[in-house]
Amino acid sequence: ILPHSERDETWGLFATFAARMDYAPGDAYPRGPGDNYYEFSTEYGRTLQEYQLTYISRGRGWFESESLERGNKIPLKEGSLFVLFPGEWHNYRPDADSGWCEYSVGFNGSRMHELEYKGFIGRGHPVLGIGVNETIKNLFSDLIGVALEQYPNYQQVVAGIISNIIGYALYLDGKSSLDVDYFERTILRAKNIIREEYATITPTEVARRLCMSYSNFRTIFKKYTGISPAKFITSFKILKAKELLTYTELPVKEIAALAGVDNPEYFSTFFKKAAGVAPLAWREMSKGR
């Protein structure tokens, strides 16, 4: 049990418990009232008023929740991480013939409500297939270690680790949902085309050369890089312009043309919007004048 103060609540994220539990094949689940922070019967399931993360590092089992409709059980395997949401009925347990090892942390706070509201985590996708991952295991172990010591301000450290777990888990889950080999080859080819022809290439032309529809190319590119192809091209033009401003004395008009912008006045507006300062001001700053 992890005590928290009103001050901890103002941080936006605070933990209520953290534990690692190991169940051998055939063990009762849970073993008894003291084996779980909240009363839990796998015959009836339960509803909590907080969030929980549980990572299965060994074994297999199943999970179900209200948003998935009762009886629609999702298989859990080694490397599964699932999220419990406040006010939502759920149920889960390990298979009797495998048992499992689980790392769990309970938490709440305005920051989590905001992440859910903005769609970073969702009740329709409570199980993340992140795979066996030492980083995730180490984060949970670090969290449990800090929670056991409970030094002053430990809740803020725990909150940071929880945020890291969620962010890294979302990254791994997104990556696992893709055909990684095809995806990486496609994005690498797209980036090479852009690097070689950034001044004249368009996103639709890149898609055409990859023999893809633009909408499909844009979706894949953005999912992998975090930005659209158009923004990537723009970013590359800005980087090239910064390089030329810093390491040459070329006039802005020539730099604009080399960066693929024919209109020098538009280039100045374009550059300032991205860099925060006008081209000549950037040159002065970068040269320490």
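Predicted model: local features only at pLDDT ≥ 70, side-chain atom pairs only at ≥ 80, totals over all residues.
How many disulfides does the structure hold? The count is zero.

**The five-stranded sheet**

Let's begin with the sheet built from five strands, which line up in the order E1-E8-E3-E6-E9. This sheet is open, and its strands pair in an antiparallel way. If you'd like to find its edges, look for strand E1 (14–23) and strand E9 (127–129), each of which pairs on one side only. Going from one strand to the next, the twist averages 15 degrees.

Now zoom in on two of these strands. Strand E3 (residues 51–59) and strand E8 (residues 100–108) run antiparallel, and eight bridges join them.

Helix H4 (residues 154–176) lies across E1, E3, E6, E8 and E9. Against E9, helix H4 runs at about 65 degrees.

Strand E6 (residues 80–84) is where you'll find Ser80. Is Ser80 buried or exposed? Its relative accessibility is 5%, and buried means under 20%, so Ser80 counts as buried. Leaving aside residues up to four places away in sequence, Ser80 touches Thr54, Tyr55, Ile56, Val127 and Leu128.

**The four-stranded sheet**

The other sheet to explore is also open and antiparallel, with four strands in the order E2-E7-E4-E5.

| Strands joined | Bridges | Direction |
|---|---|---|
| E2 and E7 | Two bridges | antiparallel |
| E4 and E7 | Five bridges | antiparallel |
| E4 and E5 | Three bridges | antiparallel |

You can pick out a residue pair for each of these joins. Arg46 stands opposite His90 in E7, while Glu64 stands opposite Asn91 in E7. For Phe63, the bridge partner is Ile74 in E5.

Why is strand E7 (residues 89–94) largely enclosed by the rest of the structure? It's because five of its six residues are buried.

**Back to the cysteines**

As we saw, there are zero disulfides here. In general, a disulfide is a covalent bond between the sulfur atoms of two cysteines. Two cysteines are worth a look for their surroundings. Cys211, with 73% relative accessibility, counts as exposed.

Where does Cys211 sit? You'll find Cys211 in the loop between helix H6 (203–209) and helix H7 (214–225). Along the chain, Cys211 and Ala190 are 21 residues apart, and their C-alpha atoms are separated by 11 Å.

Key:
Residues numbered from 1 in each chain as written. Heavy atoms only, no water. Pairing = 2+ DSSP bridges. Buried < 20%, exposed > 50% of the residue type's maximum accessible area, 1.4 Å probe, protein only. Contact = heavy atoms within 4.5 Å. Disulfide = S-S within 2.5 Å. Axes fitted to C-alpha atoms, helices over the stretch in contact; angles between N-to-C directions.
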